Amino acid sequence: MSSTSAGTVPRTYRDAHRALASNQKTSKGAPAYSRYVNRAMGRRFAALAYVAGMTPNQVTAVSALLTYSGIALVAFAAPTVPVSIAISLLLLVGYSLDSADGQLARLRGGGSAAGEWLDHVVDAIKIGLLHVAVLLFWYRHYDIDDRLLLIPLGYLVVQTVFFFATMLTDSLRRSHRGITRNILAGEGSSSLAYSLMVLPTDYGVLCMVFALLWWQAGFVVLYGLFALAATGFLLLALPKWYLEMRRLAPAPAAAAPAPPVG
């Protein structure tokens, strides 16, 4: 098997995995877990899905099923150690599959607008439900000051704004460059130091924190620190992205229609 760019297609899991390794999105801005662990896991899931004949939308559906099942457990299950670990695993595998659907689409020759829309809508629902589920869990099971319930509400607002801003910024970047595909690895990257520095904003690490859901003091403190880190990152990122958008050249004005003849 040669590279898919050479006009051939992978036949085996190994071929598919090798082809994916050379066709990754840019790592620019990606936190360490998402960059080094989740994408690698997603690559393996994507290769498995490819040889199994699955479509990207089917992988998205499996990702949503696992993620939403984990969120449902947060909202409605008892805070035991086994349940907490199960929640964390469901969220982590769902996150890896969330990476796999896009990688599978690239391996199959490129995704569709409908597939990208579905992927982002599933993510948007996930963000909203997860922090609402934490709010319900704290209210039902934790003996805490009611004012602390503002933490998951604030986290929800921050994550919603962050998700919208990142999607819009990426869309405007691609529109300015005249491309519809994702910006790939050779077109931008961030240093290892940066990826480690923004690790507290990493959704994958937050998923691991849910393994401590049974431990009230530990989970409240860690979840609160993640909320604080996400807020700080957003406050720094928004003006940076705005200035980047201001530097983009305006789109050329449409030519005026020719006057009628005669």
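Axes here are lines fitted to C-alpha atoms, for helices over the stretch in contact, and angles run from 0 to 180 degrees between N-to-C directions. I am working on a predicted model, where local features need pLDDT of at least 70, side-chain atom pairs count only at pLDDT 80 or more, and totals for chains, interfaces and linings use all residues. Residues are numbered from 1 along each chain as its sequence is written, and side-chain values use heavy atoms, without hydrogens and water.

**H2 against H4.** I looked up the axes of helix H2 (residues 32-51) and H4; they come within 7 Å and cross at roughly 60°. The crossing is right-handed (the near helix is turned clockwise from the far one by less than a right angle). I then listed the contact (heavy atoms within 4.5 Å). H2 brings residues including Tyr 33, Met 41, Phe 45 and Tyr 50, and H4 brings residues including Leu 92, Tyr 95, Leu 104 and Leu 107. I sorted the residues of this contact into 13 nonpolar, six polar and two charged.

**H4 itself.** H4 covers residues 81-107, which is 27 residues. From first C-alpha to last I get 39 Å, close to the 39 Å expected at 1.5 Å a residue. Thr 80 caps the N-terminal end, with a side-chain oxygen 3.3 Å from the backbone nitrogen of Val 83. Just after H4, I noted a positive phi of about 110° at Gly 109.

**Thr 169.** Is Thr 169 buried or exposed? Thr 169 is buried, at 7% relative accessible area (buried means under 20%, with a 1.4 Å probe and protein chains only). Thr 169 sits in helix H6 (residues 150-177). Leaving out residues up to four places away in sequence, Thr 169 touches Trp 241 and Met 245.

How values were computed:
Helices (H or I, at least four residues) and strands (E, at least two) are DSSP runs, numbered from the N terminus. The expected span of a helix is 1.5 Å times one less than its number of residues. A polar contact is a pair of N or O atoms within 3.5 Å; within protein, one must be able to donate a hydrogen and the other to accept it, and residues adjacent in sequence count only if both atoms are side-chain atoms. Ala, Val, Leu, Ile, Met, Phe, Trp, Tyr, Cys and Pro count as nonpolar, Asp, Glu, Lys and Arg as charged, and the others, Gly among them, as polar. Buried means under 20% relative accessible area, exposed over 50%, partly exposed in between (1.4 Å probe, protein chains only).
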